[in-house]
Amino acid sequence: MNNVQLHDKEFSLYLTHDDIQSDVTALANKMNDDLKGKSPLFVVVLKGAFMFASDLMKRINLPAEVAFVRLSSYLGTSTTHDVKEKISLDIEPCDRPLVIIEDIVDTGNTMEMFLKKLREQGWSDVRLATLLFKPEAFHKDFKVDYIGRSIPNDFIVGYGLDYDELGRNLPDIYKIVYINPIKSC
């Protein structure tokens, strides 16, 4: 499919499933090297990162535990700047790496709040992995340790990412089609 319609918006193909899988494999290889000899806790941020996390974890060859949190800050195509924690992490801090698995980091608002909370709870080795990173939108002061791909500041859907809950099931990633209004004289 080259274009998809979700609610009132049209989206065009941006990254194929093969492109995504190549990025996921590269990230897994780097994590396997960096975390060799350790037993990390991978914390998947729902709902968006579920497909990425599933494919990533199949490639991680370390003894690892997986947990889930649900954080939300979007309404439609815009951030609300109000991060809500709908499912919390219920594992006590311990002496091992915690790797957050996120679908996309754009403004960084959600991760800034979550990273602060994890450090306040006592997690000392916290790392952040994201499939997609929007450097134009990011203006925070924390490190993104693992980046699958940097992309422009376009609204995207598919492979777990949604527009008002639609599009998560798409195997490819699509970007919004902006229609320029026709100006009359």
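Trainee: Where does Arg168 lie?

Mentor: Arg168 sits in the loop between S9 and S10. Keep in mind that this is a predicted model.

Trainee: Is Arg168 buried or exposed?

Mentor: Buried. Its relative accessibility is 13%, and the cut-off for buried is under 20%.

Trainee: What does the side chain of Arg168 reach?

Mentor: A polar atom of that side chain lies 2.8 Å from the backbone oxygen of Gly160. The side chain of Arg168 also makes a polar contact of 3.3 Å with the side chain of Glu165.

Trainee: Which residues is Arg168 in contact with, leaving aside neighbours within four places in sequence?

Mentor: Among them are Lys47, Gly48, Phe50 and Met51. The list also includes Gly158, Tyr159 and Leu161.

Trainee: New topic, rings. How many aromatic pairs does a search of the whole structure find?

Mentor: Five. Take Phe11 and Tyr163 as one of them: the ring centres are 6.1 Å apart and the planes meet at 55 degrees, so this pair is tilted.

Trainee: Why tilted?

Mentor: Stacked needs planes under 30 degrees apart, and edge-to-face needs over 60. The angle here is 55 degrees, so the pair counts as tilted.

Trainee: Which parts does the pair tie together?

Mentor: Phe11 is in strand S2, residues 9-15. Tyr163 is in the loop between strand S9 (156-157) and strand S10 (173-176). The pair therefore ties together parts 152 residues apart in sequence.

Trainee: Are Phe11 and Tyr163 buried or exposed?

Mentor: Both are buried. Ring pairs also link Phe11 and Tyr163 with Phe155 in a cluster.

Trainee: On to helices. What span should helix H3 have?

Mentor: H3 covers residues 109-121, which is 13 residues. At 1.5 Å a residue, the span should be 18 Å. The end C-alpha atoms are 19 Å apart, which agrees.

Trainee: Which residues in H3 are buried?

Mentor: Asn109, Thr110, Met111, Phe114, Leu115 and Leu118.

Trainee: And what comes just after H3?

Mentor: Gly122, with a positive phi of about 110 degrees.

Trainee: Last one. Where is Ala28 found?

Mentor: In helix H1, residues 17-34. Ala28 is buried, with a relative accessible area of 0%.

Trainee: What does Ala28 touch, not counting residues up to four places away in sequence?

Mentor: Leu56, Arg59 and Ile60. Look at Ala129 too: its C-alpha atom is 10.0 Å from that of Ala28, and the two are 101 residues apart along the chain.

Definitions and conventions:
Residues numbered from 1 in each chain as written. Predicted model: local features only at pLDDT ≥ 70, side-chain atom pairs only at ≥ 80, totals over all residues. Heavy atoms only, no water. Phe/Tyr/Trp six-rings, centres within 6.5 Å; stacked < 30°, edge-to-face > 60°. Helix = DSSP H or I, 4+ residues; strand = E, 2+ residues; numbered from the N terminus. Buried < 20%, exposed > 50% of the residue type's maximum accessible area, 1.4 Å probe, protein only. Expected span 1.5 Å × (residues − 1). Polar contact = N/O pair within 3.5 Å; in protein donor to acceptor, adjacent residues only side chain to side chain. Contact = heavy atoms within 4.5 Å.
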